[in-house]
2 protein chains.
Amino acid sequence: MTGLSISERAEALATVPDWRLVDDRDAIERRFTFNDFDDAFAFMSSIAALAKEQDHHPEWFNCYNRVHIVLSTHDAGGLSTRDICLARSIDAIGQ
Amino acid sequence: MTGLSISERAEALATVPDWRLVDDRDAIERRFTFNDFDDAFAFMSSIAALAKEQDHHPEWFNCYNRVHIVLSTHDAGGLSTRDICLARSIDAIGQ
(Lines give C-alpha, C1' and ligand atoms only; values in the text may rest on other atoms or scores of the structure.)
Protein backbone atom coordinates (compact mmCIF):
# COMPACT_ATOMS: atom_id res chain seq x y z
CA MET A 1 0.00 0.00 0.00
CA THR A 2 1.52 3.31 -1.09
CA GLY A 3 0.21 6.85 -1.08
CA LEU A 4 -0.90 8.82 -4.11
CA SER A 5 1.45 10.78 -6.36
CA ILE A 6 0.73 14.48 -6.79
CA SER A 7 -1.05 13.99 -10.11
CA GLU A 8 -2.95 10.88 -8.97
CA ARG A 9 -3.96 12.78 -5.87
CA ALA A 10 -5.38 15.77 -7.73
CA GLU A 11 -7.28 13.49 -10.08
CA ALA A 12 -8.62 11.36 -7.23
CA LEU A 13 -9.67 14.32 -5.08
CA ALA A 14 -11.58 15.79 -8.01
CA THR A 15 -13.87 12.75 -7.87
CA VAL A 16 -14.92 13.49 -4.27
CA PRO A 17 -15.71 17.23 -4.33
CA ASP A 18 -17.84 17.12 -1.18
CA TRP A 19 -14.85 16.05 0.91
CA ARG A 20 -12.19 18.44 2.17
CA LEU A 21 -8.59 17.92 3.21
CA VAL A 22 -8.09 17.77 6.97
CA ASP A 23 -5.94 20.64 8.24
CA ASP A 24 -3.34 18.86 10.33
CA ARG A 25 -2.96 15.43 8.72
CA ASP A 26 -3.06 13.73 5.35
CA ALA A 27 -6.73 12.76 5.36
CA ILE A 28 -10.10 13.82 3.96
CA GLU A 29 -13.26 14.56 5.90
CA ARG A 30 -16.95 15.08 5.35
CA ARG A 31 -19.78 16.00 7.72
CA PHE A 32 -23.33 14.72 7.34
CA THR A 33 -26.50 15.83 9.11
CA PHE A 34 -29.65 13.71 9.34
CA ASN A 35 -33.11 14.12 10.82
CA ASP A 36 -32.34 12.22 13.99
CA PHE A 37 -30.11 9.62 15.63
CA ASP A 38 -31.87 6.69 14.00
CA ASP A 39 -31.24 8.03 10.52
CA ALA A 40 -27.64 8.86 11.40
CA PHE A 41 -26.99 5.40 12.78
CA ALA A 42 -28.70 3.68 9.83
CA PHE A 43 -26.25 5.58 7.62
CA MET A 44 -23.35 4.44 9.82
CA SER A 45 -24.55 0.83 9.60
CA SER A 46 -24.53 1.04 5.80
CA ILE A 47 -20.99 2.41 5.91
CA ALA A 48 -19.92 -0.37 8.29
CA ALA A 49 -21.06 -2.88 5.66
CA LEU A 50 -19.07 -1.01 2.98
CA ALA A 51 -16.05 -0.96 5.27
CA LYS A 52 -16.25 -4.71 5.67
CA GLU A 53 -16.54 -5.21 1.89
CA GLN A 54 -13.62 -2.91 1.18
CA ASP A 55 -11.59 -3.97 4.23
CA HIS A 56 -11.04 -0.27 4.93
CA HIS A 57 -12.49 1.62 7.87
CA PRO A 58 -13.53 5.16 8.61
CA GLU A 59 -12.62 7.16 11.69
CA TRP A 60 -15.86 8.76 12.69
CA PHE A 61 -17.67 10.74 15.32
CA ASN A 62 -21.42 10.76 15.87
CA CYS A 63 -23.48 13.08 18.06
CA TYR A 64 -27.24 12.61 17.70
CA ASN A 65 -28.02 13.47 14.05
CA ARG A 66 -24.50 14.44 13.00
CA VAL A 67 -21.80 12.17 11.58
CA HIS A 68 -18.25 13.38 10.96
CA ILE A 69 -16.11 11.01 8.90
CA VAL A 70 -12.35 11.11 8.40
CA LEU A 71 -10.61 8.84 5.91
CA SER A 72 -6.90 8.09 5.82
CA THR A 73 -4.78 4.98 5.32
CA HIS A 74 -2.45 4.11 8.18
CA ASP A 75 -0.47 1.64 6.05
CA ALA A 76 0.17 4.33 3.43
CA GLY A 77 0.95 7.07 5.96
CA GLY A 78 -1.87 9.19 4.55
CA LEU A 79 -4.37 9.33 1.72
CA SER A 80 -4.57 6.37 -0.64
CA THR A 81 -6.89 5.13 -3.34
CA ARG A 82 -8.70 3.09 -0.67
CA ASP A 83 -9.85 6.32 0.97
CA ILE A 84 -11.09 7.71 -2.32
CA CYS A 85 -12.98 4.47 -3.06
CA LEU A 86 -14.61 4.45 0.36
CA ALA A 87 -15.45 8.17 0.08
CA ARG A 88 -17.16 7.60 -3.27
CA SER A 89 -19.14 4.66 -1.85
CA ILE A 90 -20.17 6.78 1.15
CA ASP A 91 -21.24 9.61 -1.16
CA ALA A 92 -23.40 7.15 -3.07
CA ILE A 93 -25.45 6.29 0.03
CA GLY A 94 -25.24 9.63 1.87
CA GLN A 95 -26.72 11.91 -0.74
CA MET B 1 -34.78 17.36 32.96
CA THR B 2 -32.48 18.70 35.67
CA GLY B 3 -28.93 17.88 36.61
CA LEU B 4 -27.81 15.91 39.66
CA SER B 5 -27.31 17.41 43.12
CA ILE B 6 -23.87 16.98 44.68
CA SER B 7 -24.96 14.01 46.80
CA GLU B 8 -26.98 12.38 44.01
CA ARG B 9 -24.01 12.85 41.74
CA ALA B 10 -21.52 11.17 44.05
CA GLU B 11 -23.89 8.27 44.61
CA ALA B 12 -24.62 7.91 40.89
CA LEU B 13 -20.96 8.10 39.82
CA ALA B 14 -20.09 5.38 42.33
CA THR B 15 -22.27 3.00 40.31
CA VAL B 16 -20.19 3.51 37.14
CA PRO B 17 -16.60 3.18 38.38
CA ASP B 18 -15.18 2.43 34.92
CA TRP B 19 -16.22 5.85 33.65
CA ARG B 20 -14.28 9.03 34.31
CA LEU B 21 -15.29 12.67 34.36
CA VAL B 22 -14.36 14.56 31.19
CA ASP B 23 -11.84 17.33 31.88
CA ASP B 24 -13.43 20.31 30.22
CA ARG B 25 -17.18 19.68 30.43
CA ASP B 26 -19.79 18.10 32.66
CA ALA B 27 -19.79 14.63 31.12
CA ILE B 28 -18.45 11.13 31.66
CA GLU B 29 -16.39 9.06 29.26
CA ARG B 30 -15.19 5.52 28.77
CA ARG B 31 -12.91 3.93 26.15
CA PHE B 32 -13.34 0.39 24.88
CA THR B 33 -11.00 -1.71 22.75
CA PHE B 34 -12.11 -4.75 20.74
CA ASN B 35 -10.42 -7.32 18.52
CA ASP B 36 -11.34 -5.59 15.29
CA PHE B 37 -13.74 -3.19 13.57
CA ASP B 38 -16.53 -5.75 13.29
CA ASP B 39 -16.55 -6.37 17.04
CA ALA B 40 -16.39 -2.64 17.74
CA PHE B 41 -19.28 -1.90 15.41
CA ALA B 42 -21.37 -4.79 16.76
CA PHE B 43 -20.94 -3.17 20.20
CA MET B 44 -21.98 0.20 18.78
CA SER B 45 -25.06 -1.37 17.20
CA SER B 46 -26.09 -2.79 20.57
CA ILE B 47 -25.65 0.64 22.12
CA ALA B 48 -27.70 2.24 19.34
CA ALA B 49 -30.57 -0.09 20.29
CA LEU B 50 -30.19 0.91 23.96
CA ALA B 51 -30.13 4.57 22.95
CA LYS B 52 -33.40 4.12 21.10
CA GLU B 53 -35.00 2.36 24.08
CA GLN B 54 -33.82 5.02 26.52
CA ASP B 55 -34.30 7.94 24.12
CA HIS B 56 -30.83 9.11 25.12
CA HIS B 57 -27.82 9.12 22.84
CA PRO B 58 -24.07 8.83 23.22
CA GLU B 59 -21.50 11.06 21.61
CA TRP B 60 -18.92 8.65 20.32
CA PHE B 61 -15.83 8.21 18.24
CA ASN B 62 -14.72 4.98 16.56
CA CYS B 63 -11.42 4.20 14.91
CA TYR B 64 -11.05 0.56 13.84
CA ASN B 65 -11.22 -1.46 17.08
CA ARG B 66 -11.51 1.47 19.49
CA VAL B 67 -14.70 3.15 20.70
CA HIS B 68 -14.65 6.29 22.84
CA ILE B 69 -18.00 7.19 24.39
CA VAL B 70 -18.97 10.47 26.06
CA LEU B 71 -22.27 10.87 27.90
CA SER B 72 -23.88 14.16 28.87
CA THR B 73 -27.41 15.56 28.78
CA HIS B 74 -27.86 18.70 26.70
CA ASP B 75 -31.28 19.43 28.22
CA ALA B 76 -29.80 19.31 31.73
CA GLY B 77 -26.67 21.29 30.85
CA GLY B 78 -24.49 18.39 31.98
CA LEU B 79 -24.66 15.02 33.70
CA SER B 80 -28.08 13.61 34.54
CA THR B 81 -29.52 10.30 35.68
CA ARG B 82 -30.08 9.45 32.01
CA ASP B 83 -26.33 9.38 31.45
CA ILE B 84 -25.80 7.13 34.45
CA CYS B 85 -28.55 4.76 33.25
CA LEU B 86 -27.08 4.59 29.75
CA ALA B 87 -23.56 4.11 31.15
CA ARG B 88 -24.73 1.20 33.28
CA SER B 89 -26.49 -0.39 30.31
CA ILE B 90 -23.36 0.04 28.19
CA ASP B 91 -21.24 -1.51 30.94
CA ALA B 92 -23.56 -4.50 30.97
CA ILE B 93 -22.90 -5.27 27.31
CA GLY B 94 -19.29 -4.02 27.04
CA GLN B 95 -17.69 -6.14 29.71
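Predicted model: local features only at pLDDT ≥ 70, side-chain atom pairs only at ≥ 80, totals over all residues.
## How α2(B) meets α3(B)

Helices here are DSSP runs of H or I with at least four residues, strands are E runs of at least two, and both are numbered from the N terminus. Helix α3 of chain B covers residues 81-94, and its axis comes within 10 Å of that of α2(B), at a crossing angle of roughly 145 degrees. Those axes are lines fitted to C-alpha atoms over the stretch in contact, with angles running from 0 to 180 degrees between N-to-C directions.

Who touches whom? On the α2(B) side you'll find B:Phe43, B:Ser46, B:Ile47, B:Leu50 and B:Gln54, and their partners in α3(B) include B:Cys85, B:Leu86 and B:Ile90. Contact means heavy atoms within 4.5 Å. Sorted by class, this contact has seven nonpolar residues, four polar and one charged.

## Across the chains

Now for α2(A) and α2(B), each spanning residues 37-54: their axes lie 11 Å apart at an angle of about 165 degrees. That makes the two helices roughly antiparallel, a label for angles over 145 degrees. Their crossing is left-handed.

Among the α2(A) residues in this contact are A:Phe37, A:Phe41 and A:Met44, while α2(B) brings in B:Phe37, B:Phe41 and B:Met44, among others. The tally by class is ten nonpolar, two polar and four charged residues.

## The cysteines

How many disulfides are there over all chains? The count is zero, where a disulfide needs a pair of cysteine sulfur atoms within 2.5 Å.

B:Cys63 is buried at 10% relative accessibility, whereas B:Cys85 is partly exposed at 45%. Buried means under 20% relative accessible area, exposed over 50%, and partly exposed in between (1.4 Å probe, protein chains only).

## A loop in chain A

A:Asn65 sits in the loop between β3 (59-63) and β4 (66-71) of chain A. At 17% relative accessibility, A:Asn65 is buried. Leaving out residues up to four places away in sequence, A:Asn65 touches several residues, including A:Phe32, A:Phe34, A:Asp36 and A:Ala40.

## About the model

Residues are numbered from 1 along each chain as its sequence is written, and chains are lettered from A and ligands numbered from 1 in the order in which they are written. Local features need pLDDT of at least 70 and side-chain atom pairs count only at pLDDT 80 or more, while totals for chains, interfaces and linings use all residues; side-chain values use heavy atoms, leaving out hydrogens and water.

How values were computed. Parallel < 35°, antiparallel > 145°, perpendicular 65-115°, else oblique. Left-handed = near helix turned anticlockwise from the far one by under 90°. Nonpolar A, V, L, I, M, F, W, Y, C, P; charged D, E, K, R; others polar.
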